[in-house]
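This report describes one protein chain. Please look through the sequence and the structure before reading on.

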Amino acid sequence: MYIVKNFSAIYSSFISTMLIKYINKGVIYLKQQYLEMGNRIKLRRKELKIKQNELAELLDISNNHMSSIETGKQKPSMDTFIKICENLKVTPDYLLLGCMH
């Protein structure tokens, strides 16, 4: 009986550890996606010769928030995301996935 109880505890611990690793990988993946999106925003903004504070003003957000979006530290709201696409003349696909359709 001890072996079964011990196995149960070990198995439970293993599942918990794997679940935490899986969740952490998901969080890391999302952070990477936001970082890549921010890089694409910054690249496109520079291609259009728009300064960061100018874009922030067009979007009606603070320059600090715009900077945080470009560095992947914060994500834009849906409204801000749509405005970014419109002002940078790109599709959501480009910002999210890096491809233009």
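## Terms and overall layout

Helix axes here are lines fitted to C-alpha atoms, for helices over the stretch in contact, and the angles between them run from 0 to 180 degrees between N-to-C directions. The model is predicted.

The chain holds five helices and zero strands. Along the sequence, the pattern reads α-α-α-α-α. Of the 101 residues of the chain, 26% are buried. Among contacts with a separation of 6 or more, 53% are between residues 24 or more positions apart.

## The crossing of α2 and α3

Two packed helices are described by the angle between their axes and the distance between the axes. The axes of α2 and α3 come within 9 Å and cross at roughly 110°. An angle from 65 to 115 degrees counts as roughly perpendicular, and α2 and α3 are therefore roughly perpendicular to each other.

Which residues meet where these two helices touch? From α2 come Gln52, Asn53, Leu55, Ala56 and Leu59. From α3 come Asn63, Met66, Ser67 and Glu70.

## Sides of the helices

In α2, the buried residues are Gln52, Leu55, Ala56 and Leu59. Seen down the axis of α2, these buried residues fall within an arc of 100°, so they line one face of the helix. Glu57 and Leu58 are exposed on the other side of α2. An α-helix has 3.6 residues a turn, so residues three or four places apart point the same way.

In α4, the buried residues are Thr80, Phe81, Ile84, Cys85 and Leu88. They cover an arc of only 140° around the axis, which puts them on the same side of α4. Met78, Asp79 and Glu86 are exposed on the other side of α4. In α3, the buried residues are Met66, Ser68, Ile69 and Glu70.

In soluble globular proteins, nonpolar side chains tend to be buried together. The largest nonpolar core of this model has 16 residues, and Ile41, Leu55, Met66, Leu88 and Leu95 touch the most other members. Two or more residues of this core come from each of α1, α2 (52-59), α3 (63-70), α4 (78-88) and α5 (92-97). The largest share, four residues, comes from α4.

Leu55 shows how separate parts of the chain come into contact. Leaving aside residues up to four places away in sequence, Leu55 touches Ile41, Arg45, Ile50, Met66, Asn87 and Leu88.

## Arg45, a buried arginine

Arg45 lies in helix α1, which covers residues 2-47. Is Arg45 buried or exposed? The cut-off for buried is under 20% relative accessible area. Arg45 has a relative accessible area of 7%, so Arg45 is buried.

The side chains of Arg45 and Glu70 are joined by a polar contact of 2.7 Å. Glu70 is itself one of the buried residues of α3. Not counting residues up to four places away in sequence, Arg45 touches Ile50, Lys51, Gln52, Leu55, Glu70 and Leu88.

## The loops between helices

Asp60 is found in the loop between α2 and α3, just after α2. Its phi is near 60°, a positive value in a residue other than glycine. The cut-off for exposed is over 50% relative accessible area. Asp60 has a relative accessible area of 67%, so Asp60 is exposed.

Lys89 sits in the loop between α4 and α5, just after α4. Lys89 has a positive phi of about 55° although it is not a glycine. At 62% relative accessibility, Lys89 also counts as exposed. Just after α3, Gly72 takes a positive phi of about 80°.

Gln74 is in the loop between α3 and α4. With 37% relative accessibility, Gln74 counts as partly exposed. Not counting residues up to four places away in sequence, Gln74 touches His65, Ser68 and Ile69. The side chains of Gln74 and His65 are joined by a polar contact of 2.3 Å. Gln74 and Tyr34 are 40 residues apart along the chain, and their C-alpha atoms are separated by 7.8 Å.

Methods: Residues numbered from 1 in each chain as written. Predicted model: local features only at pLDDT ≥ 70, side-chain atom pairs only at ≥ 80, totals over all residues. Heavy atoms only, no water. Buried < 20%, exposed > 50% of the residue type's maximum accessible area, 1.4 Å probe, protein only. Polar contact = N/O pair within 3.5 Å; in protein donor to acceptor, adjacent residues only side chain to side chain. Contact = heavy atoms within 4.5 Å. Core = buried A, V, L, I, M, F, W, Y, C linked by side-chain atoms within 4.5 Å. Arc of directions from axis to C-beta. Parallel < 35°, antiparallel > 145°, perpendicular 65-115°, else oblique.
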